[in-house]
Amino acid sequence: MKAAVITGQGAAPVYGEFPEPEPRKGCIMIDVTTAGLGGWDVLGAYRLAVQYPCVLRGEGVGHAADGRRVYFGERSVAPWGGWAERTIVPAAEVWGVPDDVDDDTAITMAIAGTGALVPLEKAAIQPGETVLILGATGTLGQLALQLARILGAGRVVGASRNAAALARLRERSIADATVTMGGEDDVAALKAEAGEGFDVVLDLVCGPPMVAALKATRWGARIVTVGTGAGSNINITAGDLLFRTLTVVGTGQRPPADREQIWRRLLTMARDHAISVDYAHYDLPQIEAAWEAQRAGPHAKITGRIR
């Protein structure tokens with residue numbers, strides 16, 4: 001079968017042939033139609049493979065042998081994965097897709113959607129509060145801006161280093177204001193849009209941007225960190241955290257049934273509130289280009305047409 005194949009440690013995936021998956025008890029064979037690519041797929045491509053060559057993992061949508069249209073997470077049985085014409089996935093990780101949900105939405109509202117909703121609910125946004133999304137231009141950030149407003153935020157601010165991508169958020173009217181990070185004084189730039197201080201910060205990048213955001217919060221603020229793209233080490237003092245709460249949340253390590261319930265809630269929210277993200281579409285033979293785009297930071301959800 002055709003697949004995106006990783007041939008060794010550190011090698012980028014290439015389009016090629018790979019053996020068909022073999023039936024396994026407790027697993028479901030899936031003919032894949034669409035696969036998703038995200039930051040975790042790049043970070044985890046080499047840590048999660050138990051042998052080489054292997055198929056690039058990834059989440060996706062396809063059809064089971066009984067004809068059901070299904071979503072599956074990035075938990076294919078190794079060495080198979082979502083970026084192939086066929087994969088095999090533990091049954092608990094295979095969820096039926098409603099007829100009115102397209103492939104892109106089904107994929108986007110799973111890993112990325114959960115990564116936005118869980119920490120925002122942890123922050124317990126109160127009506128009218130001001131919320132800052134750090135790393136706002138990626139898929140998770142775009143979702144978080146919209147979900148924060150749905151959860152009651154009165155003002156939503158997006159921050160990132162990419163001015164053009166931030167302009168796109170304003171164009172789509174999903175951020176009330178934006179802050180371009182990486183200037184001479186990020187703290188001052190953030191405070192200029194914070195009013196009396198941010199009430200909630202959803203931090204998708206950590207590192208120095210998170211420290212700057214912390215200094216632009218008010219007493220009682222809740223800062224929730226879920227990513228480390230800007231670095232995992234931070235330098236803060238006890239005074240920085242005075243009367244504030246900092247929480248680090250893992251969003252994916254939940255039982256499959258819990259993750260499915262969150263996903264179905266998100267599908268309903270996406271429909272009822274017209275949640276959207278920008279997409280970049282590729283075909284399976286273009287996997288090398290898709291991979292490089294993801295590594296560079298696409299400011300969009302990458303999906304691949306497999307069939």
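## The second largest pocket

In this predicted model, the second largest pocket holds about 160 Å³ of space. Its lining is formed by P98, D100, V101, D102, T105, R264, L267, T268, A270, R271 and I275.

Helix α8, which covers residues 256–273, supplies 5 residues, the largest share of the lining of this pocket.

## Packing of α3 and α8

Helix α8 also packs with helix α3 (residues 111–123), at an angle of about 95° and with the two axes 10 Å apart. Because of this angle, α3 is roughly perpendicular to α8; the range that counts as roughly perpendicular is 65 to 115 degrees.

On the α3 side, the contact is made by G113, T114, L117, V118 and E121, and on the α8 side by I262, R265, L266 and M269. The residues in the contact of α3 with α8 are 5 nonpolar, 2 polar and 2 charged.

## Overall form

The protein chain contains 9 helices and 16 strands. Its C-alpha trace spans about 60 × 40 × 35 Å along the principal axes.

How does the radius of gyration of the protein chain stand against that of a compact globule with 307 residues? Such a globule would have a radius of gyration near 19 Å, and the protein chain has 20 Å, so the two agree.

Most peptide bonds are trans, and most residues other than glycine have a negative phi. Against that background, some places in the backbone deserve attention.

Y52 and P53 are joined by a cis peptide bond, with omega about 0°. P53 is placed in the loop between α1 (39–44) and β4 (54–55). A cis peptide bond also runs from A78 to P79, where omega is near 10°. The loop that holds P79 lies between β6 (69–72) and β7 (86–90).

C206 is located in the loop between β12 (198–203) and α7 (207–214).

Technical notes:
Residues are numbered from 1 along each chain as its sequence is written. This is a predicted model: local features need pLDDT of at least 70, side-chain atom pairs count only at pLDDT 80 or more; totals for chains, interfaces and linings use all residues. Side-chain values use heavy atoms; hydrogens and water are left out. On a 1 Å grid over the protein atoms alone, a cavity is a set of points where a 1.4 Å probe fits but cannot get out, and a pocket is an open set with protein on both sides within 12 Å along at least five of seven lines; lining residues have an atom within 4 Å of a point. Grid points are joined across faces, edges and corners, and a volume is the space filled by probe spheres set on the points. Helices (H or I, at least four residues) and strands (E, at least two) are DSSP runs, numbered from the N terminus. Axes are lines fitted to C-alpha atoms, for helices over the stretch in contact, and angles run from 0 to 180 degrees between N-to-C directions. Angles under 35 degrees count as roughly parallel, over 145 as roughly antiparallel, 65 to 115 as roughly perpendicular and the rest as oblique. Contact means heavy atoms within 4.5 Å. Ala, Val, Leu, Ile, Met, Phe, Trp, Tyr, Cys and Pro count as nonpolar, Asp, Glu, Lys and Arg as charged, and the others, Gly among them, as polar. The radius of gyration is taken over C-alpha atoms; the globule rule is 2.2 Å times the number of residues to the power 0.38.
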